[in-house]
Amino acid sequence: MLLDLVDHKESINRLLARYGVKFGIYKNNVFHEQLFPFDPIPRVITQKEFDYLNRGLSQRVRALNCFLADVYSERKIVKDGVIPADFIYSSKGYLPQCEGITPPKKIYSHISGIDLVQGRDGDWYILEDNLRIPSGASYPMIARDLTRQAAPEAFTRRHVLDNRNYASMLRETMDYVNTGGINVVLTPGRYNAAFFEHSYLAERSGAVLCMPQDLAVEDNKLYYRSYEGKKMQVGAVYRRLSDEYLDPLCFLPESLIGVPGLMNVYASGNVAVINAPGNGVADDKGIYYFVPHMIRYYLGEDAILKNAPTYLAFYEKDRSFILEHLNRLVVKDVSEAGGYGVVFGSNLSAGELKKLADAIKAEPRRFIAQEVIDFVDLMIVDGNEQVPRKADLRAFVLAGEKTRVWPSGLTRFSRNPDSFVVNSSQGGGFKDTWVLSH
Amino acid sequence: MGIISLERADHLYWIGRYTERVFTTLVTFFDFYDQMIDMDLNAYQDYCKMVAIPDIYGDKGTFNRRYLFDQYDPNSVYSNLERAYDNAIVIRDEISSYTLAYIQLALDHLQAASGSAAPHYDLQQVIDDLHAFWGCVDDRVDDEEARNIMKCGKYLERLDLYIRLGYPKRDIERGYSKFINRLDRVHLQYHEECRGKLDEIIGSGSVKERRDEAVAAVWNFF
Amino acid sequence: MKVLQVQYEMRLTFTAPAADHYFQFRCLPMEDDSQTVEKLELAVDPACAVHERIDGFGNRMCYGEILSPHDSLCVRMGARVRVERKPVRCSFGKRRMRSVSIETLSLSIAGNLKPESEPLCSDTAEIAQYPLIDSPAGKVPGIVYAYPSELTRPDQAMREWLSAVRENYNSEYGFPEYLMHRLYQRLAYVQGQTHIGTTAAEAFALSGGVCQDYAHIFAAMCRMAGFPARYVAGMAVGEGATHAWTEVWQDGAWIAYDPTHDCVADDRYIKLSHGRDFIDCSVDRGSFFGAGGQEQTVYVKVAETS
């Protein structure tokens, strides 16, 4: 099965190069663009399995949206003792500047990237939630388009759901919260790791790609300014700029990028910002532990999808468990992102284990520990043979009138056979994700 | 969508300029290359003078290699094409991925031709890519104003090179009229006195005699 | 109870014209349980539309923009405020404030300002609903002011100093009060050695600074000692610049301390805003394009009316 695609690896990668499917990285402070290595063998998900994931992921994102609305208003979940105040206020992602702001249609996380893995037992486990500016949807989207060009026969009998509808899903998501005016994709610029994605999603969704200097606030509204002095009101900003750079009047005053006054317009309900500023409080690695509790608290349901078994060093009982089993757990520093700050106890020497234990004892709030999940390998093409690699799945959940999961996703695999880290900034590649229509 | 930001207008204009610079220099370069095969080994020195770039090359072999392919030489064809790419990629949504791909292909083909024993032959592919690029611009860039701004850049660059490289009067006249034709359809601000000067010099057929004045008027146009 | 007449004037002068100028002010007296604003005037010159909203901390914030080139920006606020803070027992003598002569500035009057959003509910009642967290001071509400912030993150030297103070603590005063007193002896009021971005730890290492630094260090110490504390920007009776002090959550209420003067802030203090630290309370913040430099002057006068 799928062997017909293997032969097309080279032609598909050539097409990807033609369309500049790249991501940027900084090496020694110099910006480089690299092609994102593509493996032609897709991850295949049956319709039945996708239905299950769809229910589980939508449920999770609905609860996370409830949580964000609650955190920035009444904080009932804290008052009711479900989540300790510590996990809100000492999270870097909590932005008190966003207190009391109600985003259009009360949606905070419009585009969520949820990372999962499938264990050898067949069960799916959530690894982490990305509710700020998750990237990656553009890659399987364009890869599908190009694979269909290079290997049309592979699709004739397989009944794969088309994933190129991401652009229209994105557009509907923007339109739904748009307060009147055009949609824009706000990029920090050409030298951003995900610039390809910014420009491609703008092109496909019909939004205008813009840099901060193209936008200006006037009389509590946001405008796109033309070169000959005209202006057009902006109703939704899909921003790919992180919170702290969004508005120098509200966040980092020394930031040279950003749109001064944007937060005032947003707070006044005169523009939608996608995703809402302040979402970092909900995708914090510490808050992750509480997501199943949130689902019960806000929705009155049991979580459909499981978290990886997680221990919070914050709780004394968990802490002693972690310290006792440090050599078999994976420890994550909640203040780091992008695959950094993740340590496998089994890889550490006795001295390193001791150091880690001391760090956990000194700052328990900073660490979570998880059981290492033995997740399934996927095959990739390596020269003339196929070899197994660890792979995860980033599913994209879009919240508009309804919350739904894009029938595809970004499957990332690790570069090295013994690595569990699949982050693209650490040298892995990607696969398309096929959802079958039956 | 009919509204172009200052930043975007700038990128559109410079895509026009850089793609045309690559295109016309390649075409002209072939003439000089042809001379250098067996007639005038140092013809490249005149070339550098004409286009006002420093002669850092020393001999024709180095010139052929570095002027075409050296990514660290800011005046090389490669560097200019990279700048075209830098301006194009930030307005992918305006020009379409399909159009942008031809600049990517031109870059890839230029890189592939480096070290070739027969650059004239191999670089034809780059010229083909640029022709395809401009064909795509006409077909795929929906916004007329955006197209016209690109062409303002393209034709001003062409005019500049034609004047510097001593192209015949008729070519210059035609280049200038193409430029003016686009200029009057956009809202770019320019210096009226430069336009007046070019009208006068080109109109009176005295570009050869007043070359420096004409070059300055182009330089200061926007 | 006192009725205070307040004037605030901020003038920004540019050496070359500025354009696309966005400004944001937190210079209006706060309306809360202890302050009632009886009259308020605000004028911005060059004239422009001024919007108002309540920020994430519950402060009144005015903002707007001047897009065309201009040489200066001037903001004037005048108000009459009735202040009635709950009397607080304070064990040591209130320091004398500098006395001032009353002289009224002529103010150009803008239209009546009205916030475009409602302030958050009265925060004492709101805070009472929070679950209590364990702190060195016992059980205190888990609110944002219980945690360190960018400018108030303590360092080792502060931690050590605090534990020494704790050891010597006798129960004559409440701990925050005692702490303030000790801090007042430890720090010296020195202008020019700190700036608006100086952290509590940096100022503590320098053993002093201005009111902002006192308020930061005191807030940081209180939080470390288990008392939620917030930074307050405001003005006190007198003439000169804005002032800063600290409110500490104690026995179910916010108590205002002025660590710079080693006293409790009484009815001669007018509060403009509160937050985790100076950054949240910046009285004025702006962004503009311009080729030249800028010079800022601030004039504040608060006088008691009879």
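Student: How many residues does the contact take from chain C, and how many from chain A?

Tutor: This is a predicted model. The contact takes 24 residues from chain C and 24 residues from chain A. On the side of chain C that touches chain A, the elements giving two or more residues are β1 (2-25), β3 (51-54), β4 (60-66) and β16 (284-290) of chain C. By residue type, that side of chain C divides into 12 nonpolar, six polar and six charged.

Chain B can be described separately. Of the 222 residues of chain B, 41% count as buried. Among contacts in chain B with a separation of 6 or more, 65% are between residues 24 or more positions apart.

One helix pair in chain B shows the packing in detail. Two packed helices are described by the angle between their axes and the distance between the axes. The axes of helix α1 (residues 6-38) of chain B and helix α2 (residues 43-50) of chain B cross at roughly 155° and come within 9 Å. Angles over 145 degrees count as roughly antiparallel, and α1(B) and α2(B) are therefore roughly antiparallel to each other. Phe32(B), Gln35(B) and Met36(B) in α1(B) meet Ala43(B), Tyr44(B) and Tyr47(B) in α2(B). The residues of this contact divide into five nonpolar, one polar and no charged.

How values were computed
Residues are numbered from 1 along each chain as its sequence is written. Chains are lettered from A and ligands numbered from 1 in the order in which they are written. This is a predicted model: local features need pLDDT of at least 70, side-chain atom pairs count only at pLDDT 80 or more; totals for chains, interfaces and linings use all residues. Two residues are in contact if their C-beta atoms, placed from the backbone, lie within 7 Å. Helices (H or I, at least four residues) and strands (E, at least two) are DSSP runs, numbered from the N terminus. Ala, Val, Leu, Ile, Met, Phe, Trp, Tyr, Cys and Pro count as nonpolar, Asp, Glu, Lys and Arg as charged, and the others, Gly among them, as polar. A residue is buried if 20 or more other C-beta atoms lie within 10 Å of its own, exposed if 12 or fewer, and partly exposed in between; C-beta atoms are placed from the backbone. Axes are lines fitted to C-alpha atoms, for helices over the stretch in contact, and angles run from 0 to 180 degrees between N-to-C directions. Angles under 35 degrees count as roughly parallel, over 145 as roughly antiparallel, 65 to 115 as roughly perpendicular and the rest as oblique.
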